[in-house]
Amino acid sequence: MFEKVNSKVVKVNVGQAGGVVARSGAMLFYTGQVAFAPHQIPGAGQGMGGGGLMRMAGQMMAGEHERTMLAQGNGEVHYGFAGLEVHVVQMQPGAVLRAEASRLLAQSAGLQASVVSVASSGGGGGGGGLMGALRGAAAGVATGQGMFTTQLSGQGSAVLLAHGGFLELQVGGPNPIVVDPQAFVAAYGNVQTELKSAMSWRDAVGRGAGEAMQLHCHGQGVVYVQASEEKL
């Protein structure tokens, strides 16, 4: 569906794709008859009614969602954002793609999308409730990343964004792939992620080396890493 024009731009026939959801401001130009309307991922900031911490978690989830636009009609649209590198992921039945909303440029409108806590990004995905939200908040503070992540599944394709290009790491061997959380872009397939501390007492007093937090990825699938620790 999406076709790379170069390393920073993709194009898509909106009619053939059945509609496209893209982050606001990503449309570069289009030809044909295409209409754009505001769009929201179902469940973003919803489903956590009530008071106190539950309401706060829902508000945090809503805040992590990037504003998006739905393109429909018959025509070809070109997308890019801030000169960042792009990568197209072709979704397969049964596979799941998880990425921070800021790492997503665009996706087929037919993909099923939800927002989940980073603490619940295991093979089953989803859920987590209040405790998942609070664990996600702690992970977000520790790594400098968002507290929630976008989960996509179904038939279609999605476009990722990264600084400095992509590394595509195969997950499935006896040892996990260990990634700097700030370089992590997305996980595709049946990949479980676990945030672990690598900090020793020497790091605590400023005499150590190495990364304080590490993301351990295991299961079966692919992990996408950018060639930078710069946030989007």
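Q: How many of the 7 residues of E6 are buried?
A: Burial is read from relative accessible area: buried means under 20%, exposed over 50%, and partly exposed in between, with a 1.4 Å probe and protein chains only. In E6, 5 of the 7 residues are buried, so this strand is largely enclosed by the rest of the structure. Strands (E, at least two residues) and helices (H or I, at least four) are DSSP runs, numbered from the N terminus.

Q: What should I keep in mind about the model itself?
A: This is a predicted model, in which local features need pLDDT of at least 70 and side-chain atom pairs count only at pLDDT 80 or more, while totals for chains, interfaces and linings use all residues. Residues are numbered from 1 along each chain as its sequence is written, and side-chain values use heavy atoms, leaving out hydrogens and water.

Q: What pLDDT does the protein average?
A: pLDDT is the predictor's confidence in each residue, from 0 to 100. Here the average is 79, and 69% of the residues score at least 70. Residues 123-134 have pLDDT below 50, and this stretch has 24 contacts in the model beyond near neighbours in sequence. Another stretch to read with care is residues 140-144, where pLDDT stays under 50.

Q: Which residues does His87 touch?
A: A contact means heavy atoms within 4.5 Å. His87, in strand E6 (residues 85-91), touches Ala158, Val159, Leu160, Phe166, Glu168 and Tyr224, not counting residues up to four places away in sequence. With a relative accessible area of 18%, His87 counts as buried. Its C-alpha atom is 9.6 Å from that of Glu3, 84 residues apart along the chain.

Q: In which sense do E6 and E11 pair?
A: Two strands pair if DSSP finds at least two bridges between them. E6 and E11 (residues 156-162) are antiparallel, with 7 bridges; Val86 has Leu161 as its bridge partner in E11.

Q: What do E1 and E2 form?
A: They form a hairpin with 2 residues between the strands. E1 (residues 2-6) and E2 (residues 9-13) pair in the antiparallel sense over 4 bridges, and Glu3 has Lys11 as its partner in E2.

Q: Is Ser108 buried or exposed?
A: Ser108 is buried, because its relative accessible area is 2%. This residue of strand E8 (residues 104-108) is in contact with Met1, Phe2, Gly19, Gly156 and Ser157, leaving aside neighbours within four places in sequence.

Q: What is the phi of Ala82?
A: Most residues other than glycine have a negative phi. Ala82, which is not a glycine, has a positive phi of about 55°. You will find Ala82 in the loop between strand E5 (68-79) and E6, where it counts as exposed at 69% relative accessibility.

Q: Which residues form the nonpolar patch on the surface?
A: They are Met27, Leu28, Phe29, Tyr30 and Phe36, with about 430 Å² of accessible area together. Leu28, from strand E4 (residues 27-39), is partly exposed at 43% relative accessibility. Patch members have over 30% relative accessible area and no salt bridge; nonpolar side chains (Val, Leu, Ile, Met, Phe, Trp, Tyr) are joined within 5 Å, like charges within 9 Å. A salt bridge puts a side-chain nitrogen of Lys or Arg within 4 Å of a carboxyl oxygen of Asp or Glu. The areas come from the Shrake-Rupley method with a 1.4 Å probe, and for residues only the protein chains shown count as cover.

Q: How many helices and strands are there in the protein?
A: There are 4 helices and 15 strands. Of the 232 residues, 44% count as buried.
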